[in-house]
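Trainee: I am new to this structure. Please show me how to go through it feature by feature.

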There are 2 protein chains.
Amino acid sequence: MIPSPPARGFPDSEFKTRLARAQAMMAERGLQGLLLLTEPEVRYFTGFLTQFWQSPTRPWFLLVPLEGKPVAVIPSIGAEAMARTWIDDIRTWPAPVPSDEGISLLTKTIGDVIASGQIGLPMGPETALRMSLTDFGALGRGLANHTIIDDGGIMRQLRMVKSDAEIEKIRYVCEVVSGVFEALPTLIRPGMTTAEAFRVFKIACLQGGVDDVSYLVGGAGQGGYGDIISPPTDRPLADGDILMLDTGCVFDGYFCDFDRNYAVGETTDAARKAHEIVWDSTEAGLVAARPGARACDVWQAMQDVLVEGGALGNDTGRMGHGLGMQLTEWPSNMPSDQTVLEENMVLTLEPGMIFEPGKVMVHEENIVVRGGEAELLTRRAPRELPIIGPFV
Amino acid sequence: MIPSPPARGFPDSEFKTRLARAQAMMAERGLQGLLLLTEPEVRYFTGFLTQFWQSPTRPWFLLVPLEGKPVAVIPSIGAEAMARTWIDDIRTWPAPVPSDEGISLLTKTIGDVIASGQIGLPMGPETALRMSLTDFGALGRGLANHTIIDDGGIMRQLRMVKSDAEIEKIRYVCEVVSGVFEALPTLIRPGMTTAEAFRVFKIACLQGGVDDVSYLVGGAGQGGYGDIISPPTDRPLADGDILMLDTGCVFDGYFCDFDRNYAVGETTDAARKAHEIVWDSTEAGLVAARPGARACDVWQAMQDVLVEGGALGNDTGRMGHGLGMQLTEWPSNMPSDQTVLEENMVLTLEPGMIFEPGKVMVHEENIVVRGGEAELLTRRAPRELPIIGPFV
């Protein structure tokens with residue numbers, strides 16, 4: 001069954017709703033505008049989608065005023081593509097111009113659009129500054145009537161709760177990739193290197209209908225893998241390996257993020273048992289992830305099952321996170337995260353455990369928080385560790 | 001002919017050479033250390049390769065002292081993978097910990113490793129700050145005996161000149177993708193959407209032996225395309241379209257970046273002529289790109305051909321750039337860039353022109369600057385605009 005892809009893009013109403021929510025939060029916090037610099041933040045309000053952000057050369061600026069539509073201050077190379085969005089006011093400079101990389105144009109635009117006051121820029125956890133520090137300093141010095149301060153978490157709060165149209169894109173990519181994971185035992189053979197296994201997986205995902213396999217990491221090792229973020233290698237898969245693949249595939253700019261484990265040929269009771277424990281832990285997370293629960297409660301529910309199952313620890317620092325326009329988003333399922341779950345948050349549940357020294361088992365599913373029980377976006381992994389082989 | 005891939009990774013000697021060059025530059029500039037935060041910069045000195053950087057949650061820190069090996073201050077999730085590199089001193093914290101995201105550990109480590117003095121951080125053109133501004137402020141306030149200043153361009157100067165082992169990886173990915181572009185007329189049919197064309201191209205690149213099709217943008221339009229950074233769409237390719245695909249494929253962390261143009265079925269004399277002009281312009285760039293020439297000289301040589309050919313302008317701001325661990329690197333082929341070319345710099349030549357209002361033709365090849373004439377890494381495009389079809 002090949003799922004059919006949802007329409008690309010969004011109606012303008014999606015962006016109007018996002019903007020209205022943002023402006024209400026800005027008013028509450030006394031902000032006269034937002035200054036946004038990163039790919040997902042600019043895309044959130046404009047729909048501007050391009051992989052061109054991979055080039056670090058040019059900064060891009062979006063100014064979201066307290067009233068009225070966002071104003072784009074961008075390199076001229078993006079003018080044509082930005083003009084196809086719902087944005088009307090697009091100001092460009094012929095980047096790259098290292099001597100004035102949009103700074104004077106941005107300074108003037110801020111003055112044109114916002115009389116004076118505080119402008120919010122995301123400066124807190126999980127943020128970065130996608131422009132040079134030198135230029136950021138110059139911008140601050142050039143603004144006479146404005147102060148740039150932290151956005152107070154507005155952007156992460158906005159992006160945590162997804163619209164139905166966003167969820168539809170994530171659901172589609174989860175469905176496609178679930179099918180590929182289910183078919184993987186027919187695609188992988190021992191003797192293949194992990195680089196070949198990665199390649200086969202990527203091709204199957206593209207054939208299945210994703211736009212990109214943006215993220216694929218994995219591990220393979222005898223009786224278990226030692227880390228969960230490794231790139232492809234020339235090591236051949238061997239009988240007795242546990243293979244884990246963890247992928248962030250993308251459709252129309254929205255991610256899935258989940259993994260699957262496989263035993264190559266024979267395996268150990270310890271690995272089998274560890275797989276059942278992380279699976280059971282995910283079940284507990286599924287039950288716990290309801291409106292009103294906190295991210296730390298979801299963590300605790302999963303952690304209890306791991307501890308009971310004899311986990312020796314976990315190096316990943318959390319057990320799942322938000323998901324959407326980026327591979328990982330706010331919040332984190334971890335003890336310190338008090339974020340209260342709301343309907344239409346998309347989360348990963350990702351319990352992991354060290355089950356023997358140097359051997360990890362990690363499992364991951366993607367869900368939407370709903371009024372009652374959470375909705376699975378991925379097709380649930382089997383509780384029993386799947387076997388690739390036997391090979392004769 | 002399928003090219004065979006070079007070995008993954010580098011011998012330790014590669015990293016020792018890089019470190020020695022860096023430390024000599026640091027000594028010249030009075031820096032006691034470098035603080036590096038971004039994926040390519042950390043990888044440059046460590047070989048640490050993972051797509052995990054796509055998650056914005058965790059900062060990563062590498063401290064390069066004036067003497068001795070680099071010290072990694074990283075999230076615990078990366079400890080195992082970093083331990084497989086040549087780095088010995090690896091300090092971890094159980095990220096994510098938003099209340100202290102490695103800052104106290106980094107502050108202490110700086111004190112342990114560098115007694116006092118100036119520490120360089122890339123703050124100039126084409127850089128970003130891959131940590132939160134709030135944490136960066138806290139770091140600065142916590143350092144009593146150290147000042148963080150701009151690195152004076154050390155990192156871009158180091159990375160501009162490639163080793164033979166780096167060039168081998170780039171050459172391989174250029175060869176694979178050249179073959180795919182040559183075969184494209186057999187893979188594309190009119191009626192396919194650009195999304196389907198993108199997918200077919202990506203699968204062919206993976207089958208050919210690249211690790212990832214990290215970057216693929218393109219344009220298609222009747223008699224010419226209007227912009228060059230667009231994502232896939234559901235618009236079907238039609239007779240009379242010009243299709244352009246521009247890709248950054250990756251092998252072992254090294255990029256190609258080049259494009260090809262095709263006419264779908266019938267085309268116009270204007271499009272044919274524009275293709276010949278940008279091809280001729282690339283020839284002029286190939287001749288100009290020699291040691292001692294400046295990036296602006298390469299630009300001028302290409303620009304002369306475009307002006308002579310009747311170009312109406314160019315919105316891209318430059319005509320090629322450095323290439324390596326990132327899709328685009330320093331320098332830029334543009335009037336203001338005085339960078340003097342040296343042997344073993346890898347560059348793209350990317351002349352583009354508006355040949356009719358709203359219609360662009362852009363062409364790109366990848367080269368290495370050599371003692372005499374530059375070496376092409378890509379297989380040269382045909383001068384005559386290739387035709388897909390006719391379709392009967």
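The dialogue below takes up domains, sheets, a loop residue and the chain interface.

Trainee: What should I know before I start reading?

Mentor: This is a predicted model, in which local features need pLDDT of at least 70 and side-chain atom pairs count only at pLDDT 80 or more, while totals for chains, interfaces and linings use all residues. Residues are numbered from 1 along each chain as its sequence is written, and chains are lettered from A and ligands numbered from 1 in the order in which they are written.

Trainee: Into which domains is chain A divided?

Mentor: Domain bounds come from an automatic or database domain assignment. Here chain A has domain 1 (12-159) and domain 2 (161-388). Taken over C-alpha atoms, the centres of these two domains of chain A are 34 Å apart.

Trainee: How many residues of domain 1 of chain A are in contact with domain 2 of chain A?

Mentor: Two residues are in contact if their C-beta atoms, placed from the backbone, lie within 7 Å. Eight residues of domain 1 of chain A are in contact with eight residues of domain 2 of chain A. On the domain 1 side, α2 (39-46) and α6 (154-160) of chain A each supply at least two residues; helices (H or I, at least four residues) and strands (E, at least two) are DSSP runs, numbered from the N terminus. The largest share of that side, three residues, comes from α2(A).

Trainee: How do I read a sheet?

Mentor: Strands of a sheet pair through backbone hydrogen bonds, either parallel or antiparallel. Two strands count as paired if DSSP finds at least two bridges between them. In chain A, six strands form an open sheet with mixed pairing, in the order β4-β3-β2-β1-β5-β6.

Trainee: Why is one side of β4 and of β6 of chain A left without a neighbour in the sheet?

Mentor: β4 (89-93) and β6 (146-150) of chain A stand at the edges, and each has a single partner strand, so one side of each has no neighbour in the sheet. Further in, β1 (residues 33-36) and β2 (residues 61-65) of chain A run antiparallel and are joined by four bridges. A:Leu35 has A:Leu63 in β2(A) as its bridge partner. Helix α2(A) packs on the sheet, touching β1, β2 and β3 (71-75) of chain A, and its direction makes about 50 degrees with that of β2(A). Axes are lines fitted to C-alpha atoms, for helices over the stretch in contact, and angles run from 0 to 180 degrees between N-to-C directions.

Trainee: What is the strand order in the sheet of chain B?

Mentor: The open sheet of six strands in chain B has the order β4-β3-β2-β1-β5-β6, with mixed pairing. Strand β1 (residues 33-36) and strand β5 (residues 117-121) of chain B pair in the parallel sense over two bridges. In this chain, B:Leu34 stands opposite B:Gly120 in β5(B).

Trainee: Is B:Gly78 buried or exposed?

Mentor: A residue is buried if 20 or more other C-beta atoms, placed from the backbone, lie within 10 Å of its own, exposed if 12 or fewer, and partly exposed in between. B:Gly78 counts as buried because it has 24 C-beta neighbours inside 10 Å. B:Gly78 lies in the loop between β3 and α3 (79-83) of chain B.

Trainee: How many residues of chain B are in contact with chain A?

Mentor: 64 residues of chain B are in contact with 64 residues of chain A. On the chain B side, α8(B) gives the most, with five residues.
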